[in-house]
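Please keep the sequence and the structure in view while reading.

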Amino acid sequence: MVKKCKSTSSCKHCQKRHNTLLHIDRNLKVQNQGLSPQAEEFVPSSEPTTSNMVPSTSVCANNLVKEKQNTNMLLCTAVVNILNSKNQLVSARCILDSASQKSYIKRSLVKKLGLNVKNKSISVSCLGAAETVASGEIDFTFTPHFNQKFHVKTSAFLIEKITDNIPTINLPQSLKDSFSDLLLADPNFHNASEIVVLLGVNVFLSLMKGETIKRDERLPFALSTKLGWVIAGSTAFPVENLEETSVSYLSVNTEELIQSFWELEHIPTSSSFTKEENLCEKHFIENYARNDKGRYSVKLPFKAERQELGDSKGLAFRQFLNLEKRLLKIPNVYQQYKDFMSEYLSLGHMEEVDENSVDVKNEHFYIPHHHVIKESSLTTRLRVVFNASAESSSGVSLNDTLMIGPKNQDDLFAILLRFRSHNIAVTSDLQKMYRQVNIDNEDRNFQKVLWRDNPSSPIKTYRLCTVTYGTASASYLATRVLKQLAIDESSNFPKASEILLHNCYVDDVLFAADTLEEAEKLIPELQELLCSGGFKLHKWCSNEKSVLERAIKTEDSKNSCEIIDAKSIKILGLEWEPALDEFYCNFEISNDGDLPTKRTILSSVSKIFDPLGWLAPFIIGAKILIQSIWTFQISWDDPVPEEINKKWTVFRDQLHHLKSIRIPRRVLLPNATKIELHAFCDASEKAYAAVIYLKSINDS
């Protein structure tokens with residue numbers, strides 16, 4: 001292979017014919033020392049390679065070392081649902097390991113899942129233990145254990161054991177109660193339990209959302225991820241004579257390391273429905289209905305062989321009292337919460353029920369609720385989130401019994417490309433989209449909630465009458481109704497139906513037209529189409545404001561303010577200035593004066609949202625920096641070495657220059673007669689990239 005290689009470059013360390021990234025230093029000594037639970041080892045292997053093994057590089061796996069602990073440490077754990085060979089979801093508890101270049105799965109779980117095993121092996125080592133081999137690799141799909149909008153597809157190597165129970169002992173219930181208002185990735189993170197999956201950096205980075213909560217010095221951190229809130233860090237619940245600390249240490253061959261680190265960036269590919277997704281689609285078609293006013297109602301898509309729900313009222317009651325206690329300390333937020341619930345009731349989206357009715361079969365479910373605050377919202381800053389992932393006394397939650405359903409809308413990438421292809425751009429938002437779809441009366445008892453707006457009043461039982469954000473099937477049901485509306489009304493509103501089918505992303509609608517006349521026809525047609533299904537568009541914006549003023553139909557004077565007159569707005573995560581019809585960057589990384597850590601650097605970089613790849617030449621520098629951090633033996637919250645700090649400071653100080661970059665929304669010249677695509681790609685020792693330019697030519 002070396003003789004056939006056309007490259008003329010050599011390794012900068014040893015001058016041999018391989019890439020510098022593949023160099024392994026045989027003289028580097030590995031210190032076998034106890035690390036904190038969140039520390040990861042990443043050092044080149046000092047063991048000689050065998051004839052049938054590829055040279056390997058070390059990262060984290062699991063071992064136990066003896067170390068006196070005055071406090072307890074929680075690692076990042078989550079509960080996920082893995083799709084088995086029969087297209088059924090199997091619950092599994094996993095640990096998120098940001099410094100493991102590959103993922104691992106317990107062999108006994110693979111046998112239970114019945115998935116195909118590929119013949120592939122890697123070297124696996126443990127601190128202070130003999131080297132072994134992980135034989136076999138599987139591809140699998142998993143979802144969060146609660147409501148989600150995506151499936152994660154990855155691969156994992158088979159291993160006999162991931163780690164001992166995490167945490168090593170059961171911690172007090174009061175620790176969990178401190179985070180009862182959050183949608184937790186692992187609802188029982190405080191209980192000692194088995195880990196059967198380790199998710200490495202190839203998955204970890206794509207799951208992080210960047211937000212961190214530290215409520216008290218005695219409490220651990222809450223980290224926001226797409227799997228829910230992960231609870232990790234030290235706790236002030238000392239246990240005498242506890243001397244076990246979990247650490248991680250795995251070996252992966254370098255070729256796999258280099259490949260998997262950059263596997264995060266790829267264009268999503270379409271895939272056929274799974275068996276469960278087909279069943280969910282069939283269930284919808286057979287059970288949806290439309291009343292004489294055009295509004296749709298749906299049934300909850302329960303699994304055919306669903307687990308039995310236990311008592312759920314007790315937990316909902318305790319969590320409500322805890323929530324009320326916290327809200328009383330923040331009157332402003334409490335008032336917003338009461339306003340939200342009052343509106344829910346006044347709009348008929350919630351109804352009071354007889355709380356004394358007996359249901360011995362538990363054909364109901366009480367959903368706990370909490371609030372989230374979105375500072376950037378133009379309308380409602382506070383929103384109430386309903387946690388249908390809360391477990392009943394049987395250990396089964398409402399979400400455990402529901403099918404998730406397939407994706408109904410086009411990818412973000414494709415929607416944005418179409419949005420840039422025409423002269424006149426228009427955006428809008430579906431008002432309270434989920435709550436415009438009714439839940440069939442037979443299923444509403446599965447959406448019971450407890451509420452009172454005054455601590456001196458009795459707690460009442462209500463049930464939610466519409467599709468509820470927080471249930472596993474909510475996103476599918478709401479977007480599937482939009483799709484059905486477009487199908488049902490395609491003959492009456494052909495062009496608007498196409499917009500609804502291909503230019504909606506959750507509740508955001510964005511489309512473009514070539515002429516003012518075309519845009520003025522599309523807007524009222526889209527309004528009428530959605531109105532026929534009980535939906536309403538608001539928060540309109542366009543690069544041609546006059547189009548909106550002429551075309552938007554309003555029912556009363558209050559609706560005249562629905563045209564947004566802001567200098568800039570955010571659409572699908574991108575900043576857009578309608579008057580100039582340009583996209584721009586508005587990212588900031590605060591400098592609090594503290595030395596950066598691995599955690600703060602990763603969190604800061606993950607906040608830079610770039611769905612179309614415009615900032616790739618800039619972001620790649622940060623990704624290479626993150627990659628280099630893993631070569632140092634530091635934990636998450638230790639300051640990075642000085643050389644890393646200097647590079648990070650340069651990156652952070654240059655970030656403000658991105659604000660000067662302006663990208664036209666419209667990619668085509670008016671009346672273009674010829675369109676060309678020009679593609680370029682290149683690679684270096686550190687990265688590779690490709691770019692495609694669109695060139696348009698008109699007669700002028």
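## Terms and basis

A residue is called buried when its relative accessible area is under 20%, exposed when it is over 50%, and partly exposed in between, with a 1.4 Å probe and with protein chains only as cover. By this rule Asp581, at 12% relative accessibility, counts as buried.

The model is predicted, and local features need pLDDT of at least 70, side-chain atom pairs count only at pLDDT 80 or more, and totals for chains, interfaces and linings use all residues. Residues are numbered from 1 along each chain as its sequence is written, and side-chain values use heavy atoms, with hydrogens and water left out.

## The protein as a whole

The protein contains 15 helices and 33 strands; helices (H or I, at least four residues) and strands (E, at least two) are DSSP runs, numbered from the N terminus. Of its 700 residues, 51% are buried. Among contacts with a separation of 6 or more, 72% are between residues 24 or more positions apart, where contact means heavy atoms within 4.5 Å.

Helix α9 covers residues 474–488, and its 15 residues should span 21 Å at 1.5 Å a residue, which agrees with the 21 Å between its end C-alpha atoms. The expected span is 1.5 Å times one less than the number of residues in the helix.

Because 12 of the 15 residues of α9 are buried, the helix is largely enclosed by the rest of the structure. The buried residues include Tyr476, Leu477, Arg480, Leu482 and Gln484. The partners against which the buried residues of α9 pack are the helices α5 (275–287), α10 (494–502) and α11 (516–531), together with the strands β16 (289–290), β17 (296–298) and β21 (424–430).

## Salt bridges

Side chains of opposite charge can pair when their charged atoms come close. A salt bridge is counted when a side-chain nitrogen of Lys or Arg is within 4 Å of a carboxyl oxygen of Asp or Glu, and a search of the whole structure finds 28 of them. One of these joins Arg290 to Glu489, with the closest N and O atoms 3.0 Å apart. Arg290 lies in strand β16 and Glu489 in the loop between α9 and α10, so the pair ties together parts that are 199 residues apart in sequence. Arg290 is partly exposed at 30% relative accessibility, while Glu489 is buried, with a relative accessible area of 11%.

Arg665 also forms a salt bridge, with Asp581, and here the closest N and O atoms are 2.7 Å apart. This pair links distant parts of the chain, 84 residues apart, since Arg665 is in the loop between β31 (662–664) and β32 and Asp581 is in the loop between β29 (574–577) and β30 (582–584). Arg665 is buried, with a relative accessible area of 0%. The side chains of Asp653 and Arg652 meet in a salt bridge at 3.6 Å, N to O; Asp653 is partly exposed, at 42%, and Arg652 is buried, at 14%. Lys118, Glu137 and Asp139 are linked in a network of salt bridges.

Ile675, Leu677, Ile692 and Leu694 make a nonpolar surface patch of about 420 Å². The elements that give two or more residues to this patch are β32 (674–683) and β33 (688–697). Patches are made of residues with over 30% relative accessible area and no salt bridge, with like charges joined within 9 Å and nonpolar side chains (Val, Leu, Ile, Met, Phe, Trp, Tyr) within 5 Å. Ile675, found in strand β32, is partly exposed, with a relative accessible area of 48%.

Lys111 has its place in helix α1 (residues 107–113) and is exposed, with a relative accessible area of 74%. The C-alpha atoms of Lys111 and Asn84, which are 27 residues apart along the chain, are separated by 9.9 Å.

Technical notes. Areas by Shrake-Rupley, 256 points an atom, 1.4 Å probe, with all protein chains shown as cover.
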